[in-house]
Amino acid sequence: ADILSKMALPAGTDSISIPRITTGSDVAAQTADNAATTTTDMVTTSVTAPVRTISGYENVSLQLVEQSPLAGGIDRMIFADLMAAYDYRLNVAVINGVGTAGDLLGLLNTIGIGTVTYTSGTPTAAEFSNAFAKALSTVAKNRYMGAEAIVLHPSIWYGLVGLSDTAGRPVVVPTANGPFNAVGVNGAPGAAQGPVGNILGVPAYLDPAIPAVSTALPAIISSFSDTYLFESGMKTRVLPDVLSANLTIRFQLYGYAAIAARYPAGIAKIT
């Protein structure tokens, strides 16, 4: 979610429409002086993103709130946990949301993206490299712009880190090793998420929220700035009256978000 184009969600709306060009302008050489010139008007449309709500709550006894010896208060721990869950669920939706039943439409389910399929019982570095190169090519030839990043599950990244060439040398080595002729570079050994290095020179990010799809863990290659994520920010409430008869307090967190992929051709997935 953090490498998309992030914008504040406007108040007072349940959907956002942003423009996109489906057919660009065109020019041509003038055949001779004073001859007619050629032009093609651009064709525009829009991408509409419905605003979705993400929410959760915890019901806690009044006794736990008032008598807890926890430094900083039990409420601080509860809201921290709700915020972490909110971030995780938003990230899952950005990656693989189905777009129905109140869910965001995630990158993997956006219509019009490219797909590269790679299957191997005994994966090799050369096969990995070939699959990523195909996905990078898919973005470049369909979007006419280079991919900005590769996002993959830690299992795939560390599977690649564990591979060696025919001489037994690892194909992904730490930056400190002075990489030479490496398939990838590991800039954050042991990381679980975020930027970790590069694959074929393209920045690589880990995201453990990538879900298994039919037992496969897809990787996403994209010009990520083409996709806009609108967020309201988290909102919190403490509701003492909902279950007051039981001396129960409700801690609630919610927020609004919308996602719009302007150019699906700039997205490719490897499965």
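Visitor: Which residues does Thr138 touch, not counting residues up to four places away in sequence?

Guide: In this predicted model, Thr138 touches Gly114, Val116, Ala265 and Ala268, once residues up to four places away in sequence are set aside. Thr138 lies in helix 3.

Visitor: Is Thr138 buried or exposed?

Guide: A residue counts as buried when its relative accessible area is under 20%. Thr138 has a relative accessible area of 11%, so Thr138 is buried. Other residues of helix 3 are buried too, including Phe128, Phe132, Leu136 and Val139.

Visitor: How many residues does helix 3 have, and what should they span?

Guide: Count 1.5 Å a residue: the 19 residues of helix 3 should span 27 Å, and its end C-alpha atoms are 27 Å apart, which agrees.

Visitor: In what sense do strand 13 and strand 17 pair, parallel or antiparallel?

Guide: Strand 13 (residues 219–222) and strand 17 (residues 267–270) are antiparallel, paired over 4 bridges. Look across that pair and you will find Ile220 opposite Lys269 in strand 17.

Visitor: I would like to look at one residue in a strand. Where does Asn186 lie?

Guide: Asn186 lies in strand 10 (residues 184–186). With 5% relative accessibility, Asn186 counts as buried. The side chain of Asn186 reaches the backbone nitrogen of Ala188 at 3.2 Å. Leaving aside neighbours within four places in sequence, the contacts of Asn186 include Trp157, Val172, Pro174 and Val196.

Visitor: What tends to happen to nonpolar side chains in soluble globular proteins?

Guide: In soluble globular proteins, nonpolar side chains tend to be buried together. In this model, the largest nonpolar core has 31 residues, and Leu4, Leu90, Ile220 and Phe224 have the most contacts inside it. Helix 2 gives the most to this core, with 10 residues. Phe224 touches Ile3, Leu4, Leu107 and Val151, among others, when residues up to four places away in sequence are not counted. There is also a second, separate core of 27 residues, which includes Ala125, Val139, Val183 and Ile199.

Visitor: How many residues does helix 2 have, and what do its buried residues pack against?

Guide: Helix 2 has 23 residues and reaches 33 Å from its first C-alpha to its last, close to the 33 Å expected. Its buried residues include Ile74, Phe79, Leu90 and Val94. They pack against strand 6, helix 1 (62–67), strand 13, strand 14, strand 15 and strand 16.

Visitor: Let us follow strand 14. Which residue is the bridge partner of Leu229 in strand 16?

Guide: That partner is Ile259. Strand 14 and strand 16 run antiparallel, joined by 5 bridges. On the other hand, strand 1 (residues 5–8) runs parallel to strand 14, with 4 bridges joining them. In that pair, Met7 stands opposite Phe230 in strand 14.

Visitor: Is Leu229 buried or exposed?

Guide: Leu229 has a relative accessible area of 0%, so Leu229 is buried. Among its contacts, leaving aside neighbours within four places in sequence, are Leu4, Met7, Val94 and Ile259. By contrast, the C-alpha atoms of Leu229 and Asp165 are separated by 40 Å, with the two residues 64 apart along the chain.

Visitor: Finally, which strands form a hairpin with 4 residues between them?

Guide: Strand 15 and strand 16 do, and Leu247 in the turn has a positive phi of about 55°. The two strands run antiparallel and are joined by 6 bridges.

Conventions:
Residues numbered from 1 in each chain as written. Predicted model: local features only at pLDDT ≥ 70, side-chain atom pairs only at ≥ 80, totals over all residues. Heavy atoms only, no water. Buried < 20%, exposed > 50% of the residue type's maximum accessible area, 1.4 Å probe, protein only. Polar contact = N/O pair within 3.5 Å; in protein donor to acceptor, adjacent residues only side chain to side chain. Contact = heavy atoms within 4.5 Å. Core = buried A, V, L, I, M, F, W, Y, C linked by side-chain atoms within 4.5 Å. Pairing = 2+ DSSP bridges. Expected span 1.5 Å × (residues − 1).
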